[in-house]
Amino acid sequence: MSKNTSPYHEAGWLLNELLPTDSNNGNKNEPSSSNQKQRRGLKSLAFDTKSNKKAPNKATYATVCKTMQNLPVINSILNANGKEMRKAIGFDSVRNKGLVYVMLYELLFGKYKSIRGGGKIKRMIIKQEKELRKGADDYIAKHGLPLGADRDSKGVHFPRYVRVNVLRSSAEDVIQLLDEGFSANSGKTKGDPVEESARTTIFADAHVPDLLVLPPSASSWLHQSHEAVKSGKIVLQDKSSCFSALVMARGHSNDGALARCDYIDACSAPGNKTSHLAALVHASILQRCGHDENFNHTTPKKKKKNNQDKPKSTIFAFERSSTRFKILQSRMDLLCPSSNKNPNASVTVSVEPTHGDFLKCNPNDPKYANVRAILLDPSCSGSGIVNSPDRWMEETNDSESATNIDGGSNNENNNMSEEKKKRIQSLSNFQLLALKHAMSFPNVDRIVYSTCSVHDEENEVVVGKALAEANSNSSTDTVEEEGKEWELVSPACLQHWPRRGNEGGLGGLTSNQASCLIRCDGLDGDETNGFFVSYFERKRMSATREPPSNDLGGVRANQRVDIPVYNGEFLITRSKSKADTSSDRIEDETVKALENGSSLNNLRKKAIESASDSNKSEAKSAKKRAKKLAWKKKQAQLKAQRLKEKHEKKNDTSVVVQKD
């Protein structure tokens with residue numbers, strides 16, 4: 001048998017590796033443990049250095065990402081009306097289901113709405129093209145255009161966030177580097193005209209100090225291989241991910257002047273949050289000592305004695321996985337220069353990577369006697385990371401399982417597969433155990449608990465249970481230990497962040513307690529991935545707590561950088577661009593026309609005729625596609641006619657033979 005030469009072969013293989021085992025081989029009785037390989041992410045699979053397989057090209061990787069984003073929609077179309085389309089195209093009989101998904105994405109939501117190449121699978125799909133397109137149109141009319149569809153070829157995207165690593169560089173130096181990068185790449189990156197003019201603009205984030213906001217288009221040249229990233233001067237870190245360390249350093253008081261103490265980062269690898277905490281602690285110590293926070297990072301101090309006299313803080317960074325611990329060590333060497341290794345380094349904080357399990361750490365160990373704060377960002381479901389293709393893969397697996405379990409109920413809880421429910425409950429149990437362990441450290445006064453999950457079970461429920469159990473244990477304490485109880489506090493640095501915790505008594509929390517929690521929602525206008533942050537303090541800390549302020553912490557912290565503060569400029573740019581406005585208008589008209597019973601062909605013709613100048617390329621593609629479909633239809637008619645003539649001729653011959 002000849003080798004598969006389909007242009008989607010490699011994309012189909014990647015997708016097959018990520019799909020559940022029973023989706024590939026049809027074995028419904030295989031135990032759930034065999035599905036563990038689906039936990040592996042797309043990036044780790046595609047760019048596995050240990051594998052002999054060559055890494056996919058950008059086009060293949062992008063195709064897989066977009067197909068994964070559309071999997072819930074494609075499955076919804078296939079499973080509608082008693083799995084009518086699933087049966088029609090023979091989906092369950094095909095072994096290479098990844099290839100089927102890729103072809104369905106290309107046909108229904110891809111840039112050209114057609115399938116390249118040939119083969120049996122394509123012929124099976126094309127036979128049902130009309131019904132599949134109708135299913136896609138019905139879905140769009142009911143739910144709107146899918147996030148991964150190629151209306152603007154971008155899908156879910158946020159601004160490119162760049163955190164300045166003040167342990168290696170300064171905001172001014174980084175801004176100069178970025179300006180040079182924009183100039184060098186302005187002619188290479190194509191985008192809409194409005195975004196092109198915005199490319200020279202760099203903003204300061206309104207909440208996180210030393211976090212710069214760039215246009216989404218900057219991602220095309222500002223990535224992990226950029227020199228500023230490889231040298232440790234900048235960290236490509238999402239905004240919501242910066243909240244954990246920010247609340248740890250400035251949750252109690254937004255002036256950032258912390259007293260000297262040690263910290264624990266309980267689940268630290270790969271180290272972005274750890275290095276961010278180190279930078280914030282370093283800046284706060286300098287501020288407390290009366291030094292300029294924006295000091296020169298390259299010129300050695302003349303008096304080395306000053307380095308020895310500066311107060312020190314140590315961050316104990318725990319990681320139990322050997323592989324991830326090596327990554328943590330490498331990242332800390334890059335991002336957090338140690339004064340022990342470099343006597344001339346102007347660093348007031350050191351990071352001590354610790355290969356071990358935080359849950360096995362003795363709270364009464366003298367080594368941690370000076371630890372006053374713990375940052376806990378444990379393993380979670382990652383359901384808030386909306387711009388990760390792996391998130392859509394999990395969602396389609398859940399929706400598929402839920403359809404088999406309860407007939408496709410719209411209830412979110414019912415729509416969750418039994419396997420995922422068990423996994424989330426298992427994660428929740430681990431998270432609760434870790435948070436209670438953090439609360440058991442006798443000298444710790446502050447704890448930050450965060451996840452990149454949107455599930456209540458991993459967030460409000462964990463917080464409520466931990467708070468209740470920890471305080472019930474301390475209710476028997478003596479009078480001398482009064483004030484040891486834990487309480488939720490609204491972080492001083494995020495007073496003006498609007499999205500708060502979910503109410504309704506989750507985990508036994510009151511409305512006031514829920515309002516102290518921070519949530520981010522990437523699908524509801526926050527321009528960052530979904531995230532959850534809670535901040536705990538001992539009641540004895542209330543006397544020194546900063547009162548509410550009308551100032552925006554991030555704005556105040558970034559005033560020393562002479563750049564404007566970001567206020568949704570890139571979001572406005574995208575929504576007001578001509579191409580998007582035209583696409584939105586066409587989509588709205590399409591939905592209304594479908595509801596009024598207009599035919600799909602008339603709608604396509606109307607969309608082509610009404611395309612604006614900015615959409616000429618899309619109109620040209622649509623015309624080409626319509627012409628190709630017309631040609632195919634004509635060829636099919638000619639073939640049918642030839643077969644009919646051949647059949648009639650055969651019948652005439654048989655009649656003559658019978659007469660003879």
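**Exercise 1. Find where D210 sits and say whether D210 is buried or exposed.**

Step 1. Start with the place: D210 belongs to the loop that runs between β2 (203-204) and β3 (211-214). Helices (H or I, at least four residues) and strands (E, at least two) are DSSP runs, numbered from the N terminus. The model you are looking at is predicted, so local features need pLDDT of at least 70 and side-chain atom pairs count only at pLDDT 80 or more, while totals for chains, interfaces and linings use all residues. Residues are numbered from 1 along each chain as its sequence is written, and side-chain values use heavy atoms, with hydrogens and water left out.

Step 2. Look at the backbone. D210 is a residue other than glycine, yet its phi is positive, near 60°.

Step 3. Check the accessibility. D210 has 7% relative accessibility and therefore counts as buried. Buried means under 20% relative accessible area, exposed over 50%, and partly exposed in between (1.4 Å probe, protein chains only).

**Exercise 2. Which residues does a cis peptide bond join, and where does P270 lie?**

Step 1. The cis bond links A269 to P270, with omega about 5°.

Step 2. P270 is part of the loop between β5 (262-265) and α12 (272-288).

**Exercise 3. Work out how α4 and α7 cross, and which residues make the contact.**

Step 1. Take helix α4 (residues 58-88) and helix α7 (residues 129-143): their axes come within 10 Å and cross at roughly 115°. Axes are lines fitted to C-alpha atoms, for helices over the stretch in contact, and angles run from 0 to 180 degrees between N-to-C directions.

Step 2. Name the arrangement. α4 and α7 are therefore roughly perpendicular to each other. The cut-offs are under 35 degrees for roughly parallel, over 145 for roughly antiparallel, 65 to 115 for roughly perpendicular, and oblique for the rest.

Step 3. List the partners. α4 supplies V73, S76, I77, L78 and M85, and α7 supplies E131, L132, G135, A136 and Y139. Contact means heavy atoms within 4.5 Å.

Step 4. Sort them by class: the contact of α4 with α7 has 7 nonpolar, 2 polar and 1 charged residues. Here Ala, Val, Leu, Ile, Met, Phe, Trp, Tyr, Cys and Pro count as nonpolar, Asp, Glu, Lys and Arg as charged, and the others, Gly among them, as polar.

**Exercise 4. Do the work again for α5 and α7.**

Step 1. The axes of helix α5 (residues 97-108) and α7 come within 10 Å, crossing at roughly 70°. That makes α5 roughly perpendicular to α7.

Step 2. On the α5 side you will find L104, L107 and L108, which meet E129, L132, R133 and A136 in α7.

Step 3. By class, this contact of α5 with α7 holds 5 nonpolar, no polar and 2 charged residues.

**Exercise 5. Now try α6 and α7.**

Step 1. Helix α6 (residues 120-127) and α7 have axes that come within 5 Å and cross at roughly 65°. α6 is thus roughly perpendicular to α7.

Step 2. I125, I126 and K127 of α6 make the contact with E129, E131 and L132 of α7.

Step 3. The residues of the contact of α6 with α7 divide into 3 nonpolar, no polar and 3 charged.

**Exercise 6. How far apart are S241 and F531 in sequence and in space?**

Step 1. S241 is in the loop between β4 (234-235) and α11 (243-250), and at 15% relative accessibility S241 counts as buried.

Step 2. S241 and F531 are 290 residues apart in sequence, and C-alpha to C-alpha they are 7.3 Å apart in space.

Step 3. Not counting residues up to four places away in sequence, S241 touches K273 and F531.
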